[in-house]
Amino acid sequence: MMKKQNIKPSVMIGRYAFLLGVLLSVVWAVIATKSTVISTNTLVLSTLVIIGIVIGLLNVTAKEMMPFLLSSVVLVIMFGFGSTYLGLVGQGTTFEFIGNFLQYLLTYLMILIVPAGIVVALKEVYAFAEKA
């Protein structure tokens with residue numbers, strides 16, 4: 001029989017914020033392949049930034065800071081290179097929408113992850129300075 005875990009409400013909000021951010025990134029990437037209006041919409045981009053800040057504030061504990069920072073740096077590097085090269089998939093063919101979707105998806109995911117990484121890095125610097 002499994003024990004019921006006591007999870008803080010703030011951790012649950014952080015988890016749901018992460019899932020919401022990924023889901024919105026996928027949906028907006030699909031929409032952006034059909035309409036270029038949403039690709040640079042400030043409301044869309046601002047929403048992802050705010051969700052990323054919430055993720056950084058609520059979803060990452062002190063024990064998870066360094067692994068999160070390492071994985072977020074790797075993801076940002078991969079998103080940066082991936083969005084450039086995956087955007088070329090199907091270019092000039094009827095499957096050009098696949099490359100566009102991948103490019104928008106990776107861009108939106110990067111916009112989600114970068115603010116979370118910045119918040120966690122600042123929390124780590126603060127914790128380090130507090131010990132000194």
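Predicted model: local features only at pLDDT ≥ 70, side-chain atom pairs only at ≥ 80, totals over all residues.

**Helix packing in the model**

Biologist: Is the crossing of α2 and α4 left-handed or right-handed?

Modeller: Residues are numbered from 1 along each chain as its sequence is written, and side-chain values use heavy atoms, with hydrogens and water left out. A crossing is called left-handed if the near helix is turned anticlockwise from the far one by less than a right angle, and right-handed if clockwise. By that convention, the crossing of α2 and α4 is right-handed.

Biologist: At roughly what angle do the axes of α2 and α4 cross?

Modeller: Axes here are lines fitted to C-alpha atoms, for helices over the stretch in contact, and angles run from 0 to 180 degrees between N-to-C directions. The axes of α2 (residues 42–58) and α4 (residues 96–131) come within 7 Å, and they cross at roughly 35°.

Biologist: How many charged residues does the contact of α2 with α4 have?

Modeller: Contact means heavy atoms within 4.5 Å, and the residues that meet include Leu-48 and Gly-52 in α2 and Pro-115 and Lys-123 in α4. For the classes, Ala, Val, Leu, Ile, Met, Phe, Trp, Tyr, Cys and Pro count as nonpolar, Asp, Glu, Lys and Arg as charged, and the others, Gly among them, as polar. The contact of α2 with α4 has 15 nonpolar and 2 polar residues, and its number of charged residues is 1.

Biologist: How many helices does the chain have?

Modeller: Both element types are DSSP runs numbered from the N terminus, with helices being H or I over at least four residues and strands being E over at least two. Along the sequence the pattern is α-α-α-α. The chain has 0 strands, and its number of helices is 4.

Biologist: At roughly what angle do α1 and α4 cross?

Modeller: Their contact brings together residues including Phe-18, Val-22 and Trp-28 in α1 and Phe-101, Tyr-108 and Leu-112 in α4. By class, this contact has 15 nonpolar, 4 polar and no charged residues. The crossing of α1 and α4 is right-handed; the axes come within 8 Å and cross at roughly 145°.

Biologist: Why does Val-22 count as partly exposed?

Modeller: Val-22 is found in helix α1 (residues 9–34), and it touches Leu-109 and Leu-112, not counting residues up to four places away in sequence. Buried means under 20% relative accessible area, exposed over 50%, and partly exposed in between (1.4 Å probe, protein chains only). Val-22 is therefore partly exposed, because its relative accessible area is 29%.

Biologist: Which helix do the buried residues of α3 pack against?

Modeller: The buried residues of α3 include Phe-68, Leu-69, Ser-72 and Phe-79. Ser-72 counts as buried because its relative accessibility is 7%, and, leaving aside neighbours within four places in sequence, this residue is in contact with Ile-113 and Gly-117. The helix that the buried residues of α3 pack against is α4.

Biologist: In which helix of the chain is confidence highest?

Modeller: The mean pLDDT of the chain is 86, and 95% of its residues reach 70 or more. Confidence is lowest in α3 (residues 65–86), at a mean of 86, whereas the highest value, 92, belongs to α2.

Conventions
pLDDT = per-residue confidence, 0-100.
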